[in-house]
Amino acid sequence: MSPVILKTIKIRKRYLVALVLLVFLSFYLTGVQSDRAERQAVEAMSQALASRVIVVDPGHGGVEPGVVGKSGVQEKEITLAVSKLLADNLARAGAMVLMTRETDGDLSDPATAGLTAKKREDLERRVAVANDNRADLYISVHVNSFPDASRSGARVYYQPGAIQGGKAGRHIQSEISQVLKNTGRQPAEVDYYITRNTSMAAVVVEAGYISNEAEEKLLLDPIYQSKLAWAIYAGAVKYFAVENPPVQDPPGNEKVIQTFKEQEKQILKEP
Ligand SMILES: [Zn+2]
């Protein structure tokens, strides 16, 4: 090859590299811009949270570690970290936030003996925090685990047939997909003790799979935790701003009638 042709190829290569970099940069900047636009849109709607009562429930705690990752990290640690960040976001927007726990403890009476009895009492009291305070939204944060280590992605669950729970669940799932950009999961219906017995819009956010090595690392990363918390917060903002649910939905709503009252036996199923 003549030196002239070689030189031309070299120059072209340089242009090509520059062009590829430019394309990546513009994609990156577009992403940053749309993230910023999303944050601005959510903040503009955030007054919809003012004076709403929101219960944030960090899953497990105390004698109940929840699922455990390869690194030894326990679900209850991650749920508390994410929940605190979520509560901060909600409170800053003017919501009245109640956390079911702020330390590594469960809600059962220390005098109650036996793990099953403690567990039942713990769940009953979590539900009571929401029902007794006539909350508008109940968000329980959990972490998932599955035998197949390839499974990943956060997913939101709500009580089968629950109209408000379903709406809140869809908004939160949609924000999770948009903000974290690592899952296309859809919200799903599951009959859990806490979503069945709370008499307002209630969701369980399974923040991801601790059984997936990469996701376990993400769930331990404070930056990822704050993104996750922000996504849940953004979903809550949109739920109130877009759906404008009735203020403090009284007991006797569709969920209670369809499931709780028909069910004689209270099944203790937890996320
Ligand atoms: Zn859990």
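How many helices and strands make up the secondary structure of the protein chain? In this predicted model, the secondary structure of the chain comprises eight helices and six strands, which follow one another from the N terminus in the order α-β-α-β-α-β-β-α-β-α-β-α-α-α. The chain holds 271 residues, of which 41% count as buried. Among the contacts with a separation of 6 or more, 81% are accounted for by residues 24 or more positions apart.

The packing of two helices was examined in detail. Two packed helices are described by the angle between their axes and the distance between the axes. For helix 2 (residues 75-92) and helix 7 (residues 222-243), the axes come within 8 Å and cross at roughly 45°, and the two helices are therefore oblique to each other. The crossing of helix 2 and helix 7 is right-handed. On the side of helix 2, the contact involves Ala 81, Val 82, Leu 85, Leu 86, Asn 89 and Leu 90, which meet Gln 225, Ser 226, Leu 228, Ala 229, Trp 230, Ile 232, Tyr 233 and Ala 236 of helix 7. The residues of this contact divide into eleven nonpolar and three polar, with no charged residue.

A further position considered is Asn 197, which lies in helix 5 (residues 193-197). Asn 197 counts as buried because 23 C-beta neighbours are found inside 10 Å, where the criterion for a buried residue is 20 or more. Between Asn 197 and Asn 131, which stand 66 residues apart along the chain, the separation of the C-alpha atoms is 8.6 Å.

Definitions and conventions:
Residues are numbered from 1 along each chain as its sequence is written. This is a predicted model: local features need pLDDT of at least 70, side-chain atom pairs count only at pLDDT 80 or more; totals for chains, interfaces and linings use all residues. Axes are lines fitted to C-alpha atoms, for helices over the stretch in contact, and angles run from 0 to 180 degrees between N-to-C directions. Helices (H or I, at least four residues) and strands (E, at least two) are DSSP runs, numbered from the N terminus. Angles under 35 degrees count as roughly parallel, over 145 as roughly antiparallel, 65 to 115 as roughly perpendicular and the rest as oblique. A crossing is left-handed if the near helix is turned anticlockwise from the far one by less than a right angle, and right-handed if clockwise. Two residues are in contact if their C-beta atoms, placed from the backbone, lie within 7 Å. Ala, Val, Leu, Ile, Met, Phe, Trp, Tyr, Cys and Pro count as nonpolar, Asp, Glu, Lys and Arg as charged, and the others, Gly among them, as polar. A residue is buried if 20 or more other C-beta atoms lie within 10 Å of its own, exposed if 12 or fewer, and partly exposed in between; C-beta atoms are placed from the backbone.
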